[in-house]
Amino acid sequence: MMNFLVKTIANAGALAVAVWLLDKITLTGDSTGKEIATLLLVALIFGLVNFLVKPVVKLLSLPLLILTLGLFTLVVNALMLLLTSWLADQLDLSFHVEGFWTAVLGGLIISVVSWALNVVLPDGD
């Protein structure tokens with residue numbers, strides 16, 4: 001359970017950095033508390049999407065992953081971020097990613113920051 005909590009916090013931090021760096025990834029709220037709650041909910045959605053959908057997409061795109069020596073992973077990460085944005089919109093959360101190329105850059109930022117935060121934060125194991 002602690003590992004899940006740490007990964008969710010790392011995802012929330014990575015999403016916050018992407019929102020801060022990219023103008024076309026938006027997170028709005030009436031107050032700072034509401035923005036933090038929205039960010040945590042979006043991080044949960046992002047974690048679920050990465051846990052449930054991403055392995056299937058990677059398996060189906062395995063020939064492209066091999067052909068591009070893994071660079072197609074950037075596209076897969078962008079698609080997961082766009083799916084998270086769509087799900088957040090369906091759940092009436094104020095998180096939006098505008099455009100595919102913004103999602104590619106956002107996915108790259110989130111991957112790097114999430115990796116760095118997972119290295120720094122304890123596992124809980």
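The model is a predicted one, where local features need pLDDT of at least 70, side-chain atom pairs count only at pLDDT 80 or more, and totals for chains, interfaces and linings use all residues. Residues are numbered from 1 along each chain as its sequence is written, and side-chain values use heavy atoms, with hydrogens and water left out.

Helices (H or I, at least four residues) and strands (E, at least two) are DSSP runs numbered from the N terminus. Thr38, Leu39, Val42, Ala43, Ile45, Phe46 and Val49 of helix 2 are buried. Here, buried means under 20% relative accessible area, exposed means over 50%, and partly exposed is in between (1.4 Å probe, protein chains only). The cover over these buried residues includes helix 1 (2-21), strand 1 (25-27), helix 3 (54-60), helix 5, strand 2 (95-97) and helix 6.

Leaving aside neighbours within four places in sequence, isoleucine 110 is in contact (heavy atoms within 4.5 Å) with Ala14, Leu15, Ala18, Phe46 and Leu81.

Helix 5 (residues 72-90) holds leucine 74, and threonine 84 sits in helix 5 too. Threonine 84 counts as buried because its relative accessible area is 0%. Beyond its neighbours within four places in sequence, threonine 84 is in contact with Val42, Ile45, Phe46 and Val49. Asparagine 77, also in helix 5, is buried because its relative accessibility is 12%. Not counting residues up to four places away in sequence, asparagine 77 touches Lys54, Gly107 and Ser111. Serine 114 is 37 residues from asparagine 77 in sequence and 13 Å away in space, C-alpha to C-alpha.

On the outside, Leu71, Leu74, Leu105, Leu108 and Val112 form a nonpolar surface patch with about 430 Å² of accessible area together. Areas come from the Shrake-Rupley method with a 1.4 Å probe, and for residues only the protein chains shown count as cover. Patches take residues with over 30% relative accessible area and no salt bridge, joining like charges within 9 Å and nonpolar side chains (Val, Leu, Ile, Met, Phe, Trp, Tyr) within 5 Å. A salt bridge is a side-chain nitrogen of Lys or Arg within 4 Å of a carboxyl oxygen of Asp or Glu. Helix 6 (residues 100-120) gives the patch its largest share, three residues. Leucine 74 is partly exposed, at 31% relative accessibility.

Two loop residues stand out by backbone angle. Most residues other than glycine have a negative phi. Leucine 69, not a glycine, has a positive phi of about 55°; leucine 69 is in the loop between helix 4 (62-67) and helix 5, and is exposed at 78% relative accessible area. Aspartate 92 has a positive phi near 60°, lies in the loop between helix 5 and strand 2, and is exposed at 72%.
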